[in-house]
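Please check each one against the model.

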Amino acid sequence: IPIGAAGSFKGIVDVLARKAYTFSDESGKFTEGPVDSSLEAAVTKYRDALIEAAAGTDDALIEKYLNGEELTEAEILLGLRRGVMERKLVPVVPGSGLRNVGVQHLMETFIRYLPSAQDRKISAPLVGKAEDLSIAPNPSDEVCGHVFKVLVEPHVGDLVIVRMYSGTLTTGAQVLNSTREEREKIGTIQRMRGKDRIEAQELGPGQIGTMLKLKSVRWGDTVATEKRPLRFADPLVPEPYMSAALKPTTTQDGEKLPAALARLRTEDPFIKAEMNDVTHEFVVSGTGELHLDNFVRRLRDRYKVNVDVMKPKIPYRETVRGKAEGQGKHKKQSGGHGQYGDCWLRLEPMPTGGGFEFVDAIVGGKIPNRFIPAVEKGVREALVRGILAGYPVTDLRVTVFEGSYHAVDSSEMAFKTAA
C-alpha cells in the first residue's frame, strides 16, 4: 500500500513483510523502517486479506488456515504465486516511474509471482498448418522466438528485439523468418540493460535480446528454423481513437517529416500516420494523448523535425439524399473525327458507410461494352469534388441505364467526359 498520495506520495509498505520503504529523492534509493502507526490498521486489514487469498489457492493451506494455524511466509508466497499463475489473483504495487519510487519492488514482484519460461505453456502452428504444437523452453530444441519490438537508431539501423521461447540463438546462425518465409543470418546479438547494450554470443529460452542488421525481420515476426517453421499469430493492433494534425514549422521540417514518420512507424505499429487527401494535413492517430505526445517528442528530439500540433480538420463528405436521373451528352465536331458520347445516369442514396456502387443496366447495346468502364471512370472522377462544398461524394449508387453512340466519333474519352 502507498505511503501518502499524489504530491505527498513518498514510499510504500510491503504488507506481508510489515516493512515501510521511504524514498527521499528520484535516485531510487530508499530507507527501510517500521510501519507508521497511522498505517497499522490498513496493513493488518490487507495482510489478513492476502493470507486468506493465498490459503484459498490450495486445499492443504485452506485447511490449515481454517484450523487457526498460522501460515509460514513460504506458504503464503507459494499460495499467492499459484493464484497469480492461475489468473485468480492480480498483484498490485503502487509506485511512480517518473519519481523512481517502488520500481525495485515491482521487479521483485515479477520474480516472486509471475510465471517464468518454465511455467508457461506456449504453442503455435507450423507455417501452413492449423494444429498448434507445444513449445518447450528447451535450450537444445529447435530455435523459436518472437519479435515484439523494433527500435530505430540513426547510426545503427533497426534494433530487432526478440523474446526466445525455445532453442538457442547464436551469432552466425541461419534462421527462418517464418512470418515472411525468408532466410536470415544472425549477426550481432546483444542483451539490453536500460540504455546499455551488452554483446552476447547466444540467447536461450526465456531471454530477451537484440539482433542487428537483419533484412526482413519486422515487428510481430517469428524467428524459427526450416526444420520446425513455427509461426505465431499476428499481434492484435488496437484501433487508434485519438488524432492530431502536424504542421511543419519550416519548409525544411516539411521535407524531413515523411521520412521521419516512416522510421517512427517502424518502431511503433500502433501509430497511424497519413497525409489526408481532403484536408491536406499530416494526421497521426494513436491510442491516447500520452501516446501521441511521446510520438511527437521523439519526432522532435531524434529526427530534429519541429512541428506544431493542432486539432485535425474534419474531412467532410457529401452525398445524395434522393433519387434523380440525368443525361450527359458530349458532342464535338472539328473536322475529321469528332467526339460523341451520350449516357443517362440514375443516382440514388446508399446507407451510411455503403461507399460507392456503379451499376451497368444498359440493354440492347445502346452503349457498347467497351465504353462502360469509361463511363464509370468519369463518374469516379466527378465524385472527388462534390457540388455543395467541394468535398468527396460517397454513399451512393450510380446506374447507367440509357445512352447512344456514334460508330465513328464515339471514344472512351467522349463517354468519360459525358459521364
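1. Arg87 counts as exposed because its relative accessibility is 77%; exposed means over 50% relative accessible area, buried under 20%, and partly exposed in between (1.4 Å probe, protein chains only). Arg87 sits in the loop between α3 (73–85) and α4. Helices here are DSSP runs of H or I with at least four residues, strands are runs of E with at least two, and both are numbered from the N terminus. The phi of Arg87 is positive, near 60°, and the residue is not a glycine.

2. On the basis of the numbers: this is a predicted model, where local features need pLDDT of at least 70, side-chain atom pairs count only at pLDDT 80 or more, and totals for chains, interfaces and linings use all residues. Residues are numbered from 1 along each chain as its sequence is written, and side-chain values use heavy atoms, leaving out hydrogens and water.

3. Arg18 also has a positive phi, about 55°, although it is not a glycine. Its place is the loop between β2 (11–14) and β3 (19–23). Arg18 is partly exposed, at a relative accessible area of 36%.

4. Is Thr109 buried or exposed? Thr109 is buried, because its relative accessibility is 12%. Thr109 belongs to helix α4 (residues 103–113).

5. What does the side chain of Thr109 reach? It reaches the backbone oxygen of His105 at 2.8 Å. Leaving aside residues up to four places away in sequence, Thr109 touches Pro91, Val93 and Leu114. Contact means heavy atoms within 4.5 Å.

Technical notes
A polar contact is a pair of N or O atoms within 3.5 Å; within protein, one must be able to donate a hydrogen and the other to accept it, and residues adjacent in sequence count only if both atoms are side-chain atoms.
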